[in-house]
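Please consult the sequence and the structure while reading the points below.

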Amino acid sequence: SDINADVYIPLGSSFSILPFVLISGTLQMVEGFDGQPVLYLAALKRKPSLELYTSELQQGYQMKTWNNPTGTEISFSMIVPANTVTWISAYADSDNDGTLQEVGEPAGYYQGGAALSTGYSSVTNMEIDLHPVPEL
C-alpha cells in the first residue's frame, strides 16, 4: 500500500541525508598503464587475501573498472559508507584471466594495505602507487 506522509528535512550545514563519504585521489604507475587490459579499484569489506579474484572485488562496497587504461596517472572517486572500515586497493590484470595479485602483475594499496576508517568526512588526495607483485 502507498504511504502518503510529509517529510521534513532540517536546514543547516551539518545535516547529512545519506551516511556516505567520498574517497578520491589518483592511481599511479611509473611504468604506465599502457598495455594493461584491465585496471580495478575496490573498496573492500575485509583485507584482501593473497589469492584474489575479480569476483571478490564485486562483493566490496564499490568497484571501479578501466578497460585499456593509458598514461601514468588515473584520477578516481568512490562513494563508501560513512563510519566504517574499508581496504582500498587497485589491481591490473595483465593477462585478463580474472586472477589478481599474480607475480609480476601491478597492485597497489592504501597506506600499504592498512584499513581506512571512513568516519563522516570525505578523504581526498589519496595516492595509490601500483608496483609489480614480487615472488614470495
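Among contacts in the protein chain between residues at least 6 apart in sequence, those joining residues at least 24 apart make up 73%. The model discussed here is predicted. Its protein chain has 136 residues, of which 41% count as buried.

**Overall organisation**
- Read from the N terminus on, the order of the elements is β-β-β-α-β-β-β-β-β-β-β-β.

**Surface**
- The protein chain exposes about 8,300 Å², and carbon and sulfur atoms supply 50% of this area.
- Phe-20, Leu-22 and Ile-79 make a nonpolar surface patch of about 270 Å².
- Ile-79, one of the residues of that patch, belongs to strand β5, which covers residues 73-81.

- Strand β1, spanning residues 20-28, contains Val-21.
- Val-21 counts as buried because its relative accessibility is 4%, and the cut-off for buried is under 20%.
- Leaving aside residues up to four places away in sequence, Val-21 touches Met-78, Ile-79, Val-80, Pro-81 and Ala-82, as well as Thr-118, Gly-119, Tyr-120, Ser-121 and Ser-122.
- Ile-79, one of these contacts of Val-21, is also part of the nonpolar patch with Phe-20 and Leu-22.
- Tyr-120 is another residue that Val-21 touches; the two lie 99 residues apart along the chain, yet a distance of 6.4 Å separates their C-alpha atoms.

Conventions. Residues are numbered from 1 along each chain as its sequence is written. This is a predicted model: local features need pLDDT of at least 70, side-chain atom pairs count only at pLDDT 80 or more; totals for chains, interfaces and linings use all residues. Side-chain values use heavy atoms; hydrogens and water are left out. Helices (H or I, at least four residues) and strands (E, at least two) are DSSP runs, numbered from the N terminus. Buried means under 20% relative accessible area, exposed over 50%, partly exposed in between (1.4 Å probe, protein chains only). Contact means heavy atoms within 4.5 Å. Accessible areas come from the Shrake-Rupley method with a 1.4 Å probe; for residues, only the protein chains shown count as cover. Patches are made of residues with over 30% relative accessible area and no salt bridge: like charges are joined within 9 Å, nonpolar side chains (Val, Leu, Ile, Met, Phe, Trp, Tyr) within 5 Å. A salt bridge is a side-chain nitrogen of Lys or Arg within 4 Å of a carboxyl oxygen of Asp or Glu.
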